[in-house]
Amino acid sequence: MTVDQTTAQISHEALLRAWPRLRRWIEDDRAGLVTRQQLTDAADAWNSAGRAPEYCYRGRRLVAADDWLGEQRHARMVRPLDREFIAASQVLDRAERLREQRQLKDEKRRTRELRQALEREQEQAENLRQAGLRLRRQARRLRQFSGVIGAILCLALVAAGVALQQRSTARANGEQAQNRQLQAAARAGIGTDPRAALLLAVAAYRDAPSSQTRDTLMDVLSGTQYAGSLHAGNWVESMAYGDDGRTLAVGRYDGVVGLWDASRDDGESRKLAEVVAKEPGILGKTALWFGDGTSLLLMGADDEKSVGAFSLAADRGRPQPRGRHALPMEGFVEQAEFSPDGRLLMTSSSYETRLWSVDPGRGAVRARATFPQRESNVQAAAFGPGGSFLVLAWQDGTVELWDIRNPGRPRSLGTLEGTAGPARAMAVSSDGNTLAVGSGDAQVRLWDISAGAARGSAAANRRPTAVVSGHGGPVEAVALSRDGRHLALGSTDHSATVWDVSGARPTRSAVLSGHATTVSALAFAPDGRTLATGDRDGDVRFWSLTDRLLPTVAARPFTVPASDYYRWLESGVPHVLSPDGRMLAVATADDQLGLIPLTGLSAGHRAGAVRLEAGREFRATAMWFSTDGGWLAAEGPAGVLTVWNVRDPARPKQEFRFRAGAAGGTYGLKVSIRDGLMATGSKAGTTLWDLSRPGRPERLGSVKQKWKHVPDVLLAPNDPVLAVDGALVDVSDPRKPEWLSALPSADGSRPYPTPHAFSPDGTRLVVTEFFERGGFLYDVSDPARPRFRGHLPQGSARGPYAFSADGRLLTGTGSGTRLLAWDVWDPTAPHPVATLTLDDDASALGISSDGATLTTYNYPGQAVRWSIAQLGATLRDPVARACRLAAANPTLAEWERMAPGVPFRRVCPTLTPAPSPAPTGIVPTFPVRPTPLPAGN
C-alpha cells in the first residue's frame, strides 16, 4: 500500500488476497464506488464543457447520484465540484418537470377541445347524413335527367364534329371550286382576253401548285401569242413604229397622237408624250410618218388642213415642234397618206385629190399635182417604196395605179380589176412587188404589181394573184411586214390574222383574238417580230410572232442529195444523229458514211467520210453515236462492228473492227456507247466491251437476261446502269454485271419493252412497248426499285425520244408525222405543251447541250433545227413568263370583271398593281401661226 498526505492506494493485488476485511469492504460498497466514479467523470466532463446543460444528469442517473450523496459515509468522498454538478442537474431537472407539467396541461386542454370538436363533427356528420339522404334522392332524379342530357350532348358533339368536318370539307371544296373557276376562266379567255387568261392562270397556279394548275398555265402560255398591251384612251385610227422599233405612235379618233415606249424593257409599255394632230370630232384618219424615230409628221384631217412636224432627237418624251404648214385645198381632208420616206403626201377631199412634196425636217409642203377626181371619194391610199408609185382606192371600187417618180406629172398605169367593191384598207410591200387590198366582203386580194410599177407600164386588166379569206366581217386594216413575208389583217369580227405570203399560196400562221371591238389599226415592228393591233375601244395589244412556245424553224442545214436518196431507195438512207444534234452521219451513193456538221460555218457540208465495208447489205439503222458524240459505230457485214473516233469529223479514225455477233444471217446488233464502255445486244445476249485502249476491244462481261430475240441496250449517261430491254443492270464492275431489277408495269405485263432515253441525270427512263400506244416514264433514281410514273399521252411506240439538258422537257414522235414536246415537271402526269407537224416521220432527234435547239431528221432525208429556247425557259419558270407578258397586276375593277366572286389579290408580286398613269407636263401642240418655226421654239 502506498500512502501519501491525503490518500492511500493499493500498490499490489496481493494486499487484497492477504487482507480479507479490506476485500469485504470493497465488495460491500462496489455499486457506490461505481456511482462515485461515474459522478466524478460526469462532473469533470461538465466542467470541461463550460458547464453546459447538455452534460447534466437527468432521470434515474440523477436519482442514483442524489441517493449516493445522501449517505453519510460518502460525504467525505464527494468533491465540491461533484456537489455543484448534482445541484445544477437538480435545477435543470426541476425546470424540465415544470415544463412537462405545462405541456401535460396543454395536452389535456387540447384533448378537451378536440373532444368538443369531435362532438360537433358528429353532429354535423349526422346533419350531413340527413342531407346526403336528401341529395341521393335528388341524385337519383338528376341521373334520370343526366342520361337524357348526356345523350343530347353526345348528339350535339357528334353534330358539331360532323359540321366542323363538313365545314372544312366545304371550305376545301370551295377553294377547289374557286381554283377550277379560275382555271376555266383562264382557258376560256385564251381567245378573248389573253392578258386576263394569263393572270387567272397564274393566280390558280400560285394558289394551288399542282400538275393540273401548271397544265392550265402552260396551255394558256402555249395557246396565245399575246405580248402585252396599252390603253390609248380613244378609238385607234392609225399606228406607226419608229425605225428603231422602240417608239410607237398611236393616232386616236379625237386627234391626239400618243407616243409610247414599246421596247418593254421593264415589262410595261409607257406613255412618253402626246401631241395634237386635229380638232376632236372631225371625221378622217390622222396620217402619221415616223421615219427613223427622231422625226414625226402629222396630217390632221380637219378644216385646218395642215401638216405639223416634231423633232424627237433630243428626248422622245418631249417632242419639239418644228413647224406647221397649211395646205391650200378645198373641203375637209378625208384621207391622207405619207410616202415611206416622208417626202410625199397624198390628201383627198370630196372636191379634189392632190399630191404634195414635204420636207420631213420642218414639215414644209409644196403642191405638186392634182389627180382626176371621180364622182366618189378616196377610201384608201398607199405609196410604193421611195414614193415611186401611188395606189388610190375609190369608193366606187376602182383601184388606180399611178407612176409618181416625177411628182409634178403623175402618169396613170391603169386600174386593177377584181376588187369586189370599195376598198377599206390597203398596203404595199416594201419591195413594191405586192399590193394587198381589204374590202367589205371580208376578203383581201393580192396583186403582183412588180412588173408594171418597175417599168412604169400600164397595169390595166390585172387580176389578183391570190385571195385571202379568213374573217367573219369586213377587213378594216391591212399591213405588210418590212420583209414582205407576212400580211396582217384586222376585221370587224374583233380579231386579227397573220398570213405567210412568202410562198406560192398565202397560209395563215396566226389568229389573234382578244379585242372587244373592231380591229382598226395594225403596225409591224421594223424587225417583224412583233405586231401591234389597235381597236375602237382604244386598246392596243402586242403580239409576238417569233417569241412563242411553239418551236420555230431555225435552220434547214441539210437535205440528202438525190443521188444518195436513189442509191438507198429500197431500204431508206442509213443515218444516225448525235445526241446533241450537232453531227449527222448519213450513207452516200458511193457506199461511204458522210459526216455532216449541222452547226457552224460548215453546216450542211460534208466534213469527212468513212468507208462502209458492207456495201449494199448495209442496214438503215445499223449505226450509233456515243452519248458524247465522239464515237461512231456501224454494223456491216452482219455481226461485224466498226468503231470510229469522229471527234474531228474532218479526220475520222477507225479505232476498232471486230465481230460482236454471229456471222451470216440478218443484221442483229444493238449498240450503246458511253465514254470507253460499250454494250452490244445480239442473239447471244448482252456483252460489255472496253474501248479505252486502241486496237482490239476487250470483252468484259455479259448479261443473259433478255425479253426479245435481240435485246435493246441503253447505258445511263452518268450512272453505272445499263437498261437491257425491261431490266436494269449494275455495270459498276463491267466484268461482273449484276441484275438489279425489272421495270414494273401499269398492267402487270411487259412482253417486249424497249428503252429509248435516259434523262441527263439518269433518274428517269422512257420505255415503249411493241403492242402498246405511247411511251412509259419510269423513275430509276433507285435502280434496284424502279417505279412506274406515267404514260406519255399521244406518244408513239416506235420513238425516238429525247430529253432536254435540264430534264424538264421531253420530245418524241406522235401519231403520223407529228412531233410532241411534254412538260415532265410532274412525271406522273406528263403534259403535251407543243406539237410540230413534220414533212414526214422523224427517225432521229437530238437536243443541244444548252437546251436551246432541237434537231430532227425525217424521211426522205432532211435535217431541221428548231429553236426551243423559249419553251425551255418557260418550263423552268412559267409564272415569270406569264407575269412578264401581263406587264401589270390587275386593278380591283379588272379583277372583279375577270373573276367575279373570287377575292382580289396581287397576282404577280414582282409587278406593279396597275399600269403606270400617263405622265403629266406640257403637252406640245402645233404653233398657232401657220408659219415655219425654228427648232426648239
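User: What is the torsion about the S-S bond of C883 and C908, and is the disulfide left-handed or right-handed?

Analyst: A disulfide is a pair of cysteine sulfur atoms within 2.5 Å. Here the torsion about the S-S bond of C883 and C908 is about -85 degrees, so the disulfide is left-handed. The two sulfur atoms lie 2.0 Å apart, and a search of the whole structure finds 1 disulfide. Please note that this is a predicted model, in which local features need pLDDT of at least 70 and side-chain atom pairs count only at pLDDT 80 or more, while totals for chains, interfaces and linings use all residues. Residues are numbered from 1 along each chain as its sequence is written, and side-chain values use heavy atoms, with hydrogens and water left out.

User: Is C883 buried or exposed?

Analyst: Buried means under 20% relative accessible area, exposed over 50%, and partly exposed in between (1.4 Å probe, protein chains only). C883 is buried, with a value of 5%, and C908 is buried at 0%. Among other cysteines, C56 counts as buried at 10%, whereas C154 is partly exposed at 47%. Of the 937 residues in the protein chain, 50% are buried.

User: Which residues have the most contacts inside the largest nonpolar core?

Analyst: A nonpolar core is a set of buried Ala, Val, Leu, Ile, Met, Phe, Trp, Tyr and Cys residues joined through side-chain atoms within 4.5 Å. The largest one has 77 residues, and M239, L248, V540, F542 and W895 have the most contacts inside it. Helix α6 (residues 194-207) gives the most to this core, with 10 residues. A second, separate core of 27 residues includes W568, A587, L593 and F625.

User: Which residues does V540 touch?

Analyst: Contact means heavy atoms within 4.5 Å. Not counting residues up to four places away in sequence, V540 touches G228, S229, L230, V236, M239, L248, V250, A532, T533 and G534.

User: How many helices and strands does the protein chain have?

Analyst: The protein chain has 12 helices and 58 strands. One of the strands is β1 (residues 2-3), which holds V3; at 61% relative accessibility, V3 counts as exposed.

Terms used
Helices (H or I, at least four residues) and strands (E, at least two) are DSSP runs, numbered from the N terminus.
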